Amino acid sequence: MTQPANPIKPTSKIPLSSNFTPKTFLKLHPLTLPAKPKTTLSFKAHSSPPSDRTQALISILCTIPDWADHIKERGMRQKRTLYDHEKWVQHRSSLRHWRHFMSSLSSRVILSLVPPVITFTSFAAIITGYNYAVSADWLPGFFPVLRGPSLPYQLTAPALALLLVFRTEASYSRFEEGRKAWTKVIAGTNDLARQVLAGVEASGKNALLKKALLQYIMAFPVALKCHVLYGSDVTQDLQGFLEVDDLAIVLNSKHPPSCIIEFISQSLQLLKVEESRRNMLESKISCFHEGIGVCEQLMGNPIPLSYTRLTSRFLVLWHLTLPIILWDDCHWIVIPATFISAASLFCIEEVGVLIEEPFPVLALDELCKQVYNNIQEAIATDKIIQARLAAKLRSHSKEHSPNGRPNS
């Protein structure tokens, strides 16, 4: 019995090696997925209107904080003045309280508090209105009155007070450190200029080097001031102190105060003076390096951010829960009580933040101007004093004989 031929079995021999190419295989599968990019684009198109409305809402809500920050930064860039006798008399005046109260609306500290004070006072008004509506049965009975015991506030009030005191004390210590650093810089500048005027003879090349050296000494405080104050124009401030070529080198350097110190050091090396006097003059430059180091440390290292954040969070939580705590005792007086509390406590915290960076609060422009005037006055009176002392010596020698006896 013969078996039927398998219909699937090929009748012809097919070689094992195939002549297929990858190109033929790819032509058989031309499928692509262009739908995904279209889906992504359509999703972005549908989501763009909400983002625009969100951005508009955010810009409206940030209008008052931006205005307050602008006033604060503008006040930080104002030039401070040194006190004289008349200003001290005005500072001690018995009318100072009335004067300070009348100038409240022009105070950058008070104006910078407008956003948080308005926010917490408005929140207190909402809580107060809600509690009043519940108490007057304007709302369904299942709405509770928001109230709480005052004992937790009595226990945490000393902690908040200590936190604000420590925050303000830490900021004031930074202010004091910056003031002492600049005191050393100003004293060192005046001392170095005095040593150059008294110990360097103005003859030959020394005359040109002495003049240039005094210019560099007067320019150093100005360069350091521009280095630590935001928004300073170093080009305009140094134009009256340095020559054009020297100013170009200083402006092209990455660290103008250090560049001026290098000018001072190189000028001291070229002076024709005794080695001991040169070493003494170079030792005076150490106070400049110390001043730069202290200023840069204060600029780069604020009070630990965890401490600042803790103070801010404590104040926010305190004033968010204050209307609930005060409702039973104050009722509608919760609103002015929250306003007074927010204005006073946030004002203390704001002062600490402002003096944490000490240099905008110091009268650095006046100090630099004072150094310039002192050195210019010393240069102008140097020759007069030398001539006067020489005349005294000549008159003294004429009054006494060579053997030490006075002439008759």
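**Close-up 1. The loop residue H331.** H331 lies in the loop between α15 and α16. The model shown here is predicted. Although H331 is not a glycine, its phi is positive, about 55 degrees. H331 counts as partly exposed, because its relative accessibility is 37% and that class runs between 20% and 50%.

**Close-up 2. A positive phi at D137.** D137 sits in the loop between α7 and α8. Its phi is near 60 degrees. That is a positive value in a residue other than glycine. D137 has a relative accessible area of 64%. Exposed means over 50%, so D137 is exposed.

Close-up 3. F142 is found in the loop between α7, residues 114–135, and α8. F142 is exposed, with 67% relative accessible area. Together with Y130 and F143, F142 forms one aromatic cluster. F142 and F143 also belong to a nonpolar surface patch.

**Close-up 4. The edge-to-face pair of Y83 and W88.** A pair of aromatic rings is described by the distance of the centres and the angle of the planes. The count for this model comes to 12 aromatic pairs. In one of them, Y83 and W88 have ring centres 5.1 Å apart and planes at 70 degrees. Planes over 60 degrees apart count as edge-to-face, so this pair is edge-to-face. Y83 is partly exposed, with a relative accessible area of 45%. W88 is partly exposed too, at 42%.

**Close-up 5. The tilted pair of Y153 and W318.** The ring centres of Y153 and W318 are 4.1 Å apart. Their planes meet at 35 degrees, so the pair is tilted. Y153 lies in helix α8, residues 151–199. W318 lies in helix α15, residues 305–330. The pair therefore ties together parts that are 165 residues apart in sequence. Both Y153 and W318 are buried.

**Close-up 6. The largest pocket.** The largest pocket has a volume of about 960 Å³. Its lining is made by 25 residues. R80, Y83, H100, R108 and V361 lie nearest the centre of the pocket. Which helices each supply at least two residues of the lining? They are α3 (63–76), α4 (85–91), α5 (96–102), α6 (108–111) and α16 (334–356).

Methods
Residues are numbered from 1 along each chain as its sequence is written. This is a predicted model: local features need pLDDT of at least 70, side-chain atom pairs count only at pLDDT 80 or more; totals for chains, interfaces and linings use all residues. Side-chain values use heavy atoms; hydrogens and water are left out. Rings of Phe, Tyr and Trp (its six-membered ring) pair if their centres lie within 6.5 Å; planes under 30 degrees apart count as stacked, over 60 as edge-to-face and the rest as tilted. Buried means under 20% relative accessible area, exposed over 50%, partly exposed in between (1.4 Å probe, protein chains only). Helices (H or I, at least four residues) and strands (E, at least two) are DSSP runs, numbered from the N terminus. Patches are made of residues with over 30% relative accessible area and no salt bridge: like charges are joined within 9 Å, nonpolar side chains (Val, Leu, Ile, Met, Phe, Trp, Tyr) within 5 Å. Accessible areas come from the Shrake-Rupley method with a 1.4 Å probe; for residues, only the protein chains shown count as cover. A salt bridge is a side-chain nitrogen of Lys or Arg within 4 Å of a carboxyl oxygen of Asp or Glu. On a 1 Å grid over the protein atoms alone, a cavity is a set of points where a 1.4 Å probe fits but cannot get out, and a pocket is an open set with protein on both sides within 12 Å along at least five of seven lines; lining residues have an atom within 4 Å of a point. Grid points are joined across faces, edges and corners, and a volume is the space filled by probe spheres set on the points.
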